[in-house]
Amino acid sequence: MDRVLVVGDGAREHAIAWALSRSGVRIYAAMGHVNPGIALLAKRSGGFYRLGGVTDPKFVVGVAEEASPDLVVVGPEEPLFAGVADALRERGFLTLGAPARAAVVEQRKDVARHLQWKYKIPGRLVYHVTPDPREAYLFAKALGSAAIKPVRQAGGKGVRVVYGEVKYLEDALGEIAARGAEEAKSQLSAYRDAPQLVLVEEGVWGVEYTVQVLTDGESVFPFPPVQDNPHAYELGLGPECGGMGTVSPLPFIEEAEVEEAVAAVEATVKAVEREFGVRYTGVLSGQMMLTAMGPVVIEYYSRFGDPEALNALYLYDGDVYELFRRAAEGRLHGAERRFKNEYTVVKAVAPVGYPLDREAARGRRFDIDWALVDRVGCHVFFGSAAPSEAGGYVTLGSRAVEILAAGATVEEAYAKAEKCAAAVRGEGLFYRRDIASPDYMAAMARKAEVVRSVYKWRRRLGAPGERLVWEPGRGLVRLG
Amino acid sequence: MSAGLLALYSFSGEVNLYPLIYYGLKAMSNRGDYAVAYIYGGGGLRRVEVDLSREEAVEARGVAAVGCVYTEDCCREAGDGAACVFGRGFKALGEAAGDAAYVGVDRNGALYAYRPPRLWHLAVGAHGFDFAIVATETAAIEVLGGEVRRSLRGGELLKITRLGVEARGGGPPRELCAMEFIYASRLDSEIDGVEVAAARMKLAELLAKRVKAPVDVVVGVPDTGLYYAAWVAKAIGAWHVPGFVATTRKRSALLDEVKERISAIQLKANVVRHSVRGKGVLVIDDSLISGLTLRQIAQLLRLRAGAREVHAATAAPPLRRQCPHGVKMPPEEHMIFNHLDHKTVEAALELDGLAYLEEEEVRKAIGTSLCTHCLLRR
């Protein structure tokens, strides 16, 4: 029986372990807290789990030496940034996970944008990086609509989007932008591996979709596109968070728009090798937005998205272990792209307090009605939750569980996901009911149609990706 | 016409909400010219009078605000907070009961928005990750640079705090006020996904079939009549021309006093002689209550501008009854069709002809369940 070590303790890693266990491998895990789902899969398959710092290469290598796995899969980004995948490879373990020097495309948003412009990767946005919040604010103001972000990946925190083309509200929204720039910078004080810089880029409007690809550095293997929902609260309101739910595949995104995103991600894999001299082996995801300029890259993930991983791994209709091995061994070329002809909906259930008050979000007890989950036919993946001494489970501050439901139609998957979300019972938990509802799907389709007609019209006028900006007094500026 | 209700919530802490309140309420000044707001900031509630005629440099910092624009004050402190209410049956903040739409903020800064099961509309939207916006009119959300998420459901209560958004209850709305589609709402708003402009176009197309007299030009009475006039003109093959220039934009139907109403009509409809001189003119208005507007208009067109014939058509049937749900309107004894027959009305208003849609046609054109109480015969 082949052995796989999964590094990480979130719902994404639970889904990875679940998918691998279906290939009949023995599951081992290195995690920061006891993820009840991963722990059970390890136990059932005859493996084990060890608790420790998953960003500590020594700890992870130690677990690998103990488990002697045929493959190691690193799930989250922080271990990648910290060089866990590199350390594993150095010790001779076959590893699926980006080298630290490649994962920089997620870790440093300024590096990703720099590569996009240097190598003319499609889907790039105008941007500026500065240590000075005041300068960031002024650049945001000059752009009109702007996204203001900490330069380093900070778990989605500190991102501001200000639609400032409404001139009469410029001063009112300016305060938001100025504060955003300050917060983006201060967000980074906790990190020692990146300078405290603020990134300001064009604020775009449209429909988000994530394209996740597995790559061995040569070939890319794309999964069906997934839509994540970054607003924490019902109706797409409130602060940015790690994602409250997903839908896949996406009836409102055209095949060519997926191909364009895949091309951008593939070009990034190549650019990383040329720029840093490392081969990208792992997962690279393009978090895209379909806009009036066409598909643009909002950011990259150097791993599967969470919860997007759940949709992708469920929909893949093949042997996940074999697929991951191919990627890790550089044999991805020729892997067959087979996916189930189904729709999937994921709902994240989070404790009240998430994402703005993590302390308040900790320590909430909940139970799961497994009989209901089985009857409806969903899959429950544990995230930021651990077994409670008082029975059931306890939240640790972030999204506690993620529920995946599948169906022949989006409506069916949505109805199942809603039923199963109600199977998670506890005080002070919430999830977004609107995600994947008929209203939501119709709204996404309308929005996609609007931006699509504009970008297609623009492309008929000129080169794809090029923008002509007429500025009185300055003349015609060509961007792209 | 119902009041324009507005609610704002800032997820990123206290900011100066005044510019957003000002433009959000100004965007609904079609519903009146008296605007007021309550702001929750610094741990307390503060009342702010809003002068819609000019943007002042008011500083009103807070995380939550509710406001209202109407012909009179419709916001008040209500025990545990402040609420802006329109309609009947409001009980308390956080209660989902009665036919009143309300937005309110309690003394802890929690924001509430309630759309009753019938009659009145509220929509919710977002501006980036920072603001939630609730408004009677979707256009107000757009004016604030926001994106409309959807209309609240009938009977749905929304509670917004820093730590979450709860949407409770609600189902398909029952009958909506017909006058919201015909007259009250902004042309660029949507109600339950129905574009107000699309509903008005259908009304105009039906109305055109009722116009028998051959006319040369079609003119609309500012502002609501203009859009109807454009579609009626297209349907009957006449020219739509600007017939009036407005000096003010008051909604004359809202005013109680006859003198005030006539003044308002005169100030919003100075005739463009060149458009109508010597021509057969069809005047389009949204509705007919006392007939004061149409008589004034007919006289202006004929006496001041030399129109050859003056016909009129209105999208709504004549108003005949007071609204039992709280919409302000002139008393029933002022409503001309309660006293005179059709021929006499035409003569009294100095019209060559008058056409209007029947109640069933309004229902058919708008295609959603409607309250038409005020349009029914007594």
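This is a predicted model: local features need pLDDT of at least 70, side-chain atom pairs count only at pLDDT 80 or more; totals for chains, interfaces and linings use all residues.
Local features need pLDDT of at least 70 and side-chain atom pairs count only at pLDDT 80 or more, while totals for chains, interfaces and linings use all residues. Residues are numbered from 1 along each chain as its sequence is written, chains are lettered from A in the order in which they are written, and side-chain values use heavy atoms, without hydrogens and water.

Chain A holds an open sheet of five strands in the order 3-2-1-4-5, with parallel pairing (strands are DSSP runs of E, at least two residues, and helices runs of H or I, at least four, numbered from the N terminus; two strands pair if DSSP finds at least two bridges between them). Strand 3 (49–51) and strand 5 (95–96) of chain A stand at the edges, each with a single partner strand, so one side of each has no neighbour in the sheet. Strand 1 (residues 3–7) and strand 2 (residues 26–31) of chain A are joined by five bridges; Val6(A) has Ala29(A) as its bridge partner in strand 2.

Over all chains, the whole structure has 60 salt bridges (a side-chain nitrogen of Lys or Arg within 4 Å of a carboxyl oxygen of Asp or Glu).

| Pair | Closest N to O |
|---|---|
| Arg452(A), Glu257(A) | 2.7 Å |
| Glu361(B), Arg210(B) | 2.9 Å |

Arg452(A) counts as buried at 13% relative accessibility, and Glu257(A) at 0% (buried means under 20% relative accessible area, exposed over 50%, partly exposed in between, with a 1.4 Å probe and protein chains only). Asp99(B) and Arg118(B) are both buried. Glu361(B) is buried at 18%, whereas Arg210(B) is partly exposed at 34%.
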